Amino acid sequence: MDDLEFRRTIYADPNCDDIRVKEAAAQDPAKQEFWSEQKRIDASMQAAMKIDVPDDLAHKLILRQTMQTHSHDKKRARVHLALAASLAFVVGVSFTLWQQQNYIDMSQQSLAHVYHEGPHALDANEDFSLQQVNAKLVQYGGHLNEEVGQIYYANHCDYKGVKSLHLVMQADNGKVTVFVVPHKEGYKAKDKVSDGYLTAEAVELQSASLIVVSENVHDVEQTKDKLMKRMTFSA
């Protein structure tokens with residue numbers, strides 16, 4: 001099992017029981033370390049999703065407020081306050097957990113997207129013109145003002161439920177993958193991540209996010225800077 005297939009399998013299921021995965025990890029310490037790290041991340045996410053609000057929380061808050069008052073009128077006011085406080089607490093905790101579970105790190109998602117797709121886009125060998133790319137980019141409010149080098153692949157894709165533009169272009173040391181993703185709530189595009197094989201960096205532009213993925217860190221930085229200077233977006 002090669003490195004790309006190994007990582008795609010682990011990203012899909014960190015706890016898989018595939019004998020080929022086990023054999024590959026046993027023969028390569030780097031693969032074993034990557035697998036262990038993905039298991040730790042998956043376990044942490046599962047643990048975060050299991051945080052429960054105590055069933056008797058509202059009752060405890062109400063009791064505490066009730067015991068602090070001797071006036072009938074004050075007691076009613078405090079009971080109402082306790083109910084409101086307990087409801088606000090439950091809603092606050094639930095919303096925080098919901099945000100954690102639904103937060104999308106676009107750099108990490110881009111790595112998973114590249115691994116999941118495999119060689120389909122990276123092996124493309126077309127030569128899209130600037131006009132052809134802009135005809136697709138305009139759907140996202142974008143425009144390339146000048147040439148950026150050979151573009152081997154340009155097509156729309158499903159980026160975690162969001163219609164986006166997927167490009168593969170030439171950089172100094174090889175091909176790089178570029179995603180143009182319309183802004184969507186819950187998507188964060190401010191991080192750079194690396195899994196030891198691929199590196200991805202995401203930045204927010206005016207009306208879309210730009211994510212660049214490559215095996216070469218220099219190519220990621222160079223392509224990101226080039227596109228940020230030559231790609232513009234309408235309001």
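Select Lys224 to begin: in this predicted model, the residue is buried, with a relative accessible area of 11%. Lys224 and Asp225 form a salt bridge, and their closest N and O atoms are 3.8 Å apart. Asp225 itself is partly exposed, at a relative accessible area of 35%; Lys224, at 11%, is under the 20% limit for a buried residue.

Next, display Asp3, Arg7, Asp28, Lys31 and Asp195 together. Salt bridges with shared partners join these residues into one network.

Now move to Lys192 and Glu221. Their side chains meet in a salt bridge with an N to O distance of 2.5 Å. Because Lys192 belongs to strand β7 (residues 192-194) and Glu221 to helix α9, this pair ties together parts that lie 29 residues apart in sequence. Lys192 is partly exposed, with a relative accessible area of 42%, and Glu221 is likewise classed as partly exposed, at 23% relative accessibility.

Then select Arg230 and Glu146. A salt bridge brings the two side chains together at 3.9 Å, N to O. The pair links distant parts of the chain, 84 residues apart: Arg230 is in helix α9 (residues 217-230), while Glu146 sits in the loop between β2 (142-144) and β3 (151-159). Arg230 counts as partly exposed at 25% relative accessibility. Glu146 is also partly exposed, with a relative accessible area of 42%.

How many salt bridges does the count give? The count comes to 14.

Conventions
Residues are numbered from 1 along each chain as its sequence is written. This is a predicted model: local features need pLDDT of at least 70, side-chain atom pairs count only at pLDDT 80 or more; totals for chains, interfaces and linings use all residues. Side-chain values use heavy atoms; hydrogens and water are left out. A salt bridge is a side-chain nitrogen of Lys or Arg within 4 Å of a carboxyl oxygen of Asp or Glu. Helices (H or I, at least four residues) and strands (E, at least two) are DSSP runs, numbered from the N terminus. Buried means under 20% relative accessible area, exposed over 50%, partly exposed in between (1.4 Å probe, protein chains only).
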